Amino acid sequence: MSIGHTLLGLLEKGPSHGYDLKKAYDERFGHDRPLHYGQVYTTLSRLLRNGLVEEAGVEAGDGPERKRYAITDAGVTDVVQWLGTPEKPEPYLQNTLYAKVVLALLSGRSADEVLDVQRSAHLRTMRELTRRKAEGDLVDQLICDHALFHLEADLRWLELTAARLGQLSEVVR
Amino acid sequence: MSALLEAVDLRKSFGPTPALDGAGLSVRPGEVVAVMGPSGSGKSTLLHCLAGILTPDSGVVRYRDVELSAMADGERSELRRTDFGFVFQFGQLVPELSCLENVALPLRLGGVKRKEAESRARSWLERLEVADVADKRPGETSGGQGQRVAVARALVTGPRVVFADEPTGALDSLNGERVMQLLTTAAKETNAAVVLVTHEPRVAAYSDREVVVRDGRSREVEPVR
């Protein structure tokens, strides 16, 4: 995920300082991977250097002074451009599981076993996500669904491969 | 906890083709077990043998330590009506009856009076969020509603085991998920076991564990931590 664009997008609501931006990011997008403060400040410095944000005063508080940042017109243009650019579809051509299956077949080990163990691991993760989805709100549901559909795609490939192991074995040997 | 329902080394052929070739499965009370595998692998045959609908050529099915094959046909039918519930891919509701009457039917067949049966059926329809279709016929409901009615009918007798064969196969993702949520939640609340035949991983993710059937043989993988 492009942290810079995401922070810019959050700044469109109004000026904010690093701490609040981190909080907003973590709440909305950081579910399993919250930002480090270091990442926030490095990113903000870069955005500042590139003229996509500007300083908008300093907030005095109990702790250290906190700089507020505001998005610039160039920053808004950058966000608009980012939103309009499709994410590159992942080609998924480097497949470790496929390599394991082929190597198992080549070495006379059980490729079924490789696939079975992987299925079990995938389903375990899918169960956790399904539970989390049932207990969560719409945001949780959408995030978990994204993961679930991807894991399901892996499993569909796995089942197809399991059904074609005989054929594959003849091809690779 | 010991097995509620258990199948050991089942073999079953239809003509020269073996559908089951040494399959087994064990289910504990309150547990949801997914039976997965490709089309034609034997998973539905395994379910039918577990439910006493089909008799295996060899091997044993035990329910509460009693062998199904040792029971008379009438006893097995009675067991299916009192202790087992069924949900199939296409609801299989009786088209001439209202949804309420469909859900009440297993109770009526067990001798429960109409008023009592319909009152219990109505509370299950409410629980499955389809009380509004009670007076409609199955043909007048959507696929998702019909399948929830089918789940209500499977659970109304308080079964110990629910057999669900591709219960969401005819539904879209959202309806399928809701049906799975309602089915597994209701089963957990009543401590009923569920044997869930599915080839859909996202449906299997509602189970506690999975058994994979391939070429008539079942296989359970010990989780790797």
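Two residues are taken to be in contact if their C-beta atoms, placed from the backbone, lie within 7 Å. The structure described here is a predicted model.

**Contact of chains A and B**

Chain A contributes 16 residues to the contact and chain B contributes 13 residues. On the side of chain B that touches chain A, two elements, α7 (201–204) and β9 (209–214), each give two or more residues. The largest share of that side, three residues, is supplied by α7(B). Its composition by class is nine nonpolar residues, one polar residue and three charged residues.

**Nonpolar cores**

The largest nonpolar core holds 71 residues, and B:Val35 and B:Val195 touch the most other members. Helix α5 (residues 143–155) of chain B gives the most to this core, namely six residues. A second, separate core is formed by 13 residues, including A:Val40, A:Leu52, A:Val53 and A:Tyr69.

| Core | Residues in the core | Some residues named for it |
|---|---|---|
| Largest nonpolar core | 71 residues | B:Val35, B:Val195 |
| Second, separate core | 13 residues | A:Val40, A:Leu52, A:Val53, A:Tyr69 |

When neighbours within four places in sequence are left aside, B:Val195 is in contact with B:Val27, B:Val33, B:Val35, B:Leu47, B:Leu50, B:Val161 and B:Phe163.

**Helix α3 of chain B**

Helix α3 of chain B spans residues 99–109, and its buried residues are B:Cys99, B:Leu100, B:Asn102, B:Val103, B:Ala104, B:Pro106 and B:Leu107. An α-helix has 3.6 residues a turn, so residues three or four places apart point the same way. The cover over the buried residues of α3(B) includes α2 (73–82), α4 (114–127) and α5 of chain B. After α3(B) comes B:Gly111, which has a positive phi, near 90 degrees.

How values were computed
Residues are numbered from 1 along each chain as its sequence is written. Chains are lettered from A and ligands numbered from 1 in the order in which they are written. This is a predicted model: local features need pLDDT of at least 70, side-chain atom pairs count only at pLDDT 80 or more; totals for chains, interfaces and linings use all residues. Helices (H or I, at least four residues) and strands (E, at least two) are DSSP runs, numbered from the N terminus. Ala, Val, Leu, Ile, Met, Phe, Trp, Tyr, Cys and Pro count as nonpolar, Asp, Glu, Lys and Arg as charged, and the others, Gly among them, as polar. A nonpolar core is a set of buried Ala, Val, Leu, Ile, Met, Phe, Trp, Tyr and Cys residues joined through C-beta atoms within 7 Å. A residue is buried if 20 or more other C-beta atoms lie within 10 Å of its own, exposed if 12 or fewer, and partly exposed in between; C-beta atoms are placed from the backbone.
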